[in-house]
Amino acid sequence: MAAKLFRAVAAVAVTAMLAFGASAQSAIRDAEIEETLREWTDPILTVSGLVPKDVQIIVLNDASLNAYVANGQRIHLHTGLLIAAESPGQIKGVIGHEICHIACGHTVARMRAASVAMRPALVSIGLGILAIAAGEAGAGAALISSSSQFAALNFYVHTRAEESSADAAAVKYLSALGESPAGLVEFFENFRYQEVLSDARRYPYFRSHPLASDRIRTVRGLAEATGLMEVAPSDRTQKQFDMMRAKLIGFLDTPLKVRREYPASDTSEAARYARAISAFRASDIQISLDETDSLLAEEPDNPYFNELKGQILFESGRAAESVEPHKRSLELVPGQPLFLINYARSLNARDAEGDSQLAETALRDALVAEPDNAFAWAQLAITLERQDRRAEAQLATAESAYWIGDIVRANSFARRAVATLEKGTTTYRRADDILLITDANNPDNRVFYERYGRSSRLSLETSGREMPFGDFSTANRR
């Protein structure tokens, strides 16, 4: 019993120390924001020696200020950070810092540092368990609850040098591109006050990236030595920043906050963009369309304004009218996966003659770029069903379920597809693959089936069948 408690509390301590929540965060998908961040990030990745296409950028819908690298070469940026930044240079500085954690091998080193840092925490947990066993429940609980703090303090001792080298690397990357590193200095100085707050009240970024006065002085010295502190961002970069921030505020903040940030007296593009989005979210459709049309009158070839108009029309029940602006956005940025999916969704909803075929083409093009896009697979299932291609639609539904992790549903629809699809075809083999990998008798899958209360019965016929991952039908059941 004590050993189980020890392991459980140790796991909690590790999680608290790293502060990398796999919590109820959701990734935001937006073509404009993704294109902006890629355009800013790819040059920094190149000068760092990394291959841009190997590094993924993920925007998380989280109001807290944070950015981190996790799960390999994946840079995670919170919407809270993107909104709190006061300039594109501040975001680029943070991105450069995070890129060094990948390029400099810090992600591997941090796993070792975490292991070392846990030693005093484990001692504290062990003492706490012994105290509880001896009847001192209060003292034991105090020791156990403080274990994560011991781990965090020890962890930051090991990573302080890495944080400093990442700061220096970010300055180096930006100066190599002829860009000002002032944004990184400004970002740190703006949040210097975080150091006097308790750990619980700090933004997550400053719990994992602790600031110190000497660190800020060092960064400023390095930045000033480049002679690029006064270099202003290009007009394009500044506009990208203004529009990205306006879009995030429009979608994520309350109408009151949007009006406060972008009052009616502000007629800039960014202000009208934010107000159009906010009005749309508040179901003030005509106001939203008026603001969007004013933007399109000035920039009819802006793909993102066309995309927004299509979204407003679609989600207000005017699917037929939404097709044209979505089609126009695609003409302006051919092959953009999210635009293709939006266009196909509008075609599916309009359901005029020939729409299903057009939607299928668009969705298959999108899935070439993003084969793991569950929403695209779900839309493809709709258009295939309307073409009386039920087995293929069932396979598309299985794909959609598989990519969101619902292996029970994926298995169910793959089984239906296999029963009808012609053996030996590509679609049959794919359905068969899904059936095999989601099999209820695979020990790795049992927890999912148990969660849904499904029996652990065979989901596929094994007689005379090659089973490359082993025959789970005779495996010991729990």
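1. Let's start with a loop: Ser283 is found in the loop between H13 and helix H14 (285-298). Helices here are DSSP runs of H or I with at least four residues, strands are E runs of at least two, and both are numbered from the N terminus. Ser283 has a positive phi of about 70°, although it is not a glycine. With a relative accessibility of 56%, Ser283 counts as exposed; the cut-offs are under 20% relative accessible area for buried, over 50% for exposed, and partly exposed in between, using a 1.4 Å probe and protein chains only.

2. A quick word on the ground rules. This is a predicted model, in which local features need pLDDT of at least 70 and side-chain atom pairs count only at pLDDT 80 or more, while totals for chains, interfaces and linings use all residues. Residues are numbered from 1 along each chain as its sequence is written, and side-chain values use heavy atoms, with hydrogens and water left out.

3. Asp388 is another non-glycine residue with a positive phi, here about 60°. Look for Asp388 in the loop between helix H19 (374-386) and helix H20 (390-403). Asp388 is exposed, at a relative accessible area of 72%.

4. Now for the inside. The structure holds one cavity of 30 Å³ or more, where a cavity is a set of points on a 1 Å grid over the protein atoms alone at which a 1.4 Å probe fits but cannot get out. The largest cavity has about 40 Å³ of space; grid points are joined across faces, edges and corners, and the volume is the space filled by probe spheres set on the points.

5. Which residues line the largest cavity? They are Asp30, Lys247, Phe251, Tyr273, Tyr304, Glu307, Leu308 and Gln311, lining residues being those with an atom within 4 Å of a point. Helix H11 (235-252) and helix H15 (303-315) are the elements that give two or more residues to this lining. H15 gives the most, with four residues. By class, the lining has four nonpolar, one polar and three charged residues. For that tally, Ala, Val, Leu, Ile, Met, Phe, Trp, Tyr, Cys and Pro are nonpolar, Asp, Glu, Lys and Arg are charged, and the others, Gly among them, are polar.

6. On to the rings. The whole structure has four aromatic pairs, meaning rings of Phe, Tyr and Trp (its six-membered ring) with centres within 6.5 Å; planes under 30 degrees apart are stacked, over 60 edge-to-face and the rest tilted. One of them is Tyr273 with Phe305: the ring centres are 5.3 Å apart and the planes at 70°, so the pair is edge-to-face. Tyr273 lies in helix H13 (residues 269-281) and Phe305 in helix H15, so the pair ties together parts that are 32 residues apart in sequence. Both Tyr273 and Phe305 are buried. Tyr273 also turns up in the lining of the largest cavity.

7. Tyr402 and Trp403 make an edge-to-face pair too, because their ring centres are 5.1 Å apart and their planes at 75°. Tyr402 is partly exposed at 25% relative accessible area, and Trp403 is partly exposed at 37%. Arg430 lies over the face of Tyr402, 5.8 Å from the ring centre. For a charge to sit over a ring, NZ of Lys or CZ of Arg must be within 6 Å of the ring centre and within 35 degrees of the ring normal. Elsewhere, the charged end of Arg215 sits over the ring of Phe188, 4.7 Å from its centre.

8. How many salt bridges are there? The count comes to 28, taking a salt bridge as a side-chain nitrogen of Lys or Arg within 4 Å of a carboxyl oxygen of Asp or Glu. Among them is Asp355 with Arg350, at 2.8 Å from N to O. Asp355 is buried, with a relative accessible area of 2%, whereas Arg350 is partly exposed at 34%.

9. Some salt bridges to look up: Arg390 and Glu385 meet at 2.5 Å, N to O. Arg390 is exposed at 51% relative accessible area, and Glu385 is partly exposed at 30%. Glu392 pairs with Arg389, the closest N and O atoms being 3.0 Å apart. Glu360, Arg364, Arg389 and Glu392 are linked in a network of salt bridges.

Conventions: On a 1 Å grid over the protein atoms alone, a cavity is a set of points where a 1.4 Å probe fits but cannot get out, and a pocket is an open set with protein on both sides within 12 Å along at least five of seven lines; lining residues have an atom within 4 Å of a point.
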